[in-house]
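Subject: Structure handover

Hello,

Here is the structure I promised to pass on. Please open it beside this message, and read my notes after it.

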Amino acid sequence: MVQAAKELMQRNGCDATAFSDVLKLSDAPRGSVYFHFPGGKAQLVTEAAAAHAHEQVELIDRVAGDVDSAAGLVERYMDLGREGMVASDYTRGCAVAPLVTEGTLRESPEVAETSRRAFSEMVDRLAFHFTAFGVEPTAARVLADAVLAGIEGAMVTSRALRSPAPYDSVRAVLSGYAAAVSPKAARDSQ
């Protein structure tokens, strides 16, 4: 049910994600929703957003293991976002963002904390890897913040324009910045 809620939130947002839709997509029996989510919709959306953040952190780790520079991490992470958006026919979004953009935060302090923690975990993981690639910690944090903000913005504008161009633009600018703040040895090998 959490995975189904995550998928629906990515496509439709929180407000448009109903328990009935989650049950239909997950093939779960109606009674199970109240058993597993006694906190109601707020509990379901927070668990779905947390699952999305966890998957993104795992993805960041996998990508970092496959590349050899901060710029490579930026490029591959943006490429994956772009590929996913195109493959979804411009319907895919973030399962965390609706908690913020739809006013869901006002409903519960737990929801607000989940969105803050989810975005923080992704930024922290990106910064960790950028630092491991030799980027100075302050610059690594700036780059990580920019990558997350850039991919979130590209997601929204790409959906609106039905074009992958926003991902390409963010990728070009941020990979250039990543190369500029990377150690000289890493820049020379690119």
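**Pockets**

The largest pocket holds about 230 Å³ of space. This is a predicted model: local features need pLDDT of at least 70, side-chain atom pairs count only at pLDDT 80 or more, and totals for chains, interfaces and linings use all residues. Residues are numbered from 1 along each chain as its sequence is written, and side-chain values use heavy atoms, with hydrogens and water left out.

How is empty space found? Rolling a probe the size of a water molecule over the atoms shows where it is left. The search runs on a 1 Å grid over the protein atoms alone. A pocket is an open set of points where a 1.4 Å probe fits, with protein on both sides within 12 Å along at least five of seven lines. Lining residues have an atom within 4 Å of a point. Grid points are joined across faces, edges and corners, and a volume is the space filled by probe spheres set on the points.

Which residues lie nearest the centre of the largest pocket? They are Cys 94, Ala 97, Pro 98, Val 156 and Arg 159, out of 15 lining residues. Helix H1 (2-12), helix H6 (97-101) and helix H8 (137-161) each give two or more residues to this lining. Helices here are DSSP runs (H or I, at least four residues), numbered from the N terminus. By class, the lining has six nonpolar, five polar and four charged residues. Ala, Val, Leu, Ile, Met, Phe, Trp, Tyr, Cys and Pro count as nonpolar; Asp, Glu, Lys and Arg count as charged; the others, Gly among them, are polar.

The second largest pocket has a volume of about 200 Å³. It is lined by 16 residues. Gln 56, Leu 59, Gly 81, Arg 92 and Met 155 are the closest to its centre. Helix H4 (40-66), helix H5 (70-87) and H8 each supply at least two lining residues. H8 gives the largest share, four residues. This lining divides into nine nonpolar, five polar and two charged residues.

**Two crossing helices**

Two packed helices are described by the angle and the distance between their axes. The axes of H5 and helix H7 (residues 109-132) come within 8 Å and cross at roughly 145°. Axes are lines fitted to C-alpha atoms, for helices over the stretch in contact, and angles run from 0 to 180 degrees between N-to-C directions. Ala 70, Leu 73 and Val 74 in H5 meet Leu 126, His 129 and Phe 130 in H7 (contact means heavy atoms within 4.5 Å). Five of these residues are nonpolar, one is polar and none is charged.

**Loops**

Tyr 90 is in the loop between H5 and H6. It is not a glycine, yet it has a positive phi of about 65°. Is Tyr 90 buried or exposed? It counts as buried, at 13% relative accessibility. Buried means under 20% relative accessible area, exposed over 50%, and partly exposed in between (1.4 Å probe, protein chains only).

Pro 164 lies in the loop between H8 and H9. It is buried too, with a relative accessible area of 18%. Pro 164 touches Arg 82, Val 86, Tyr 90 and Ser 158, not counting residues up to four places away in sequence. Pro 164 and Arg 82 are 82 residues apart in sequence but 6.1 Å apart in space, C-alpha to C-alpha.

Best wishes
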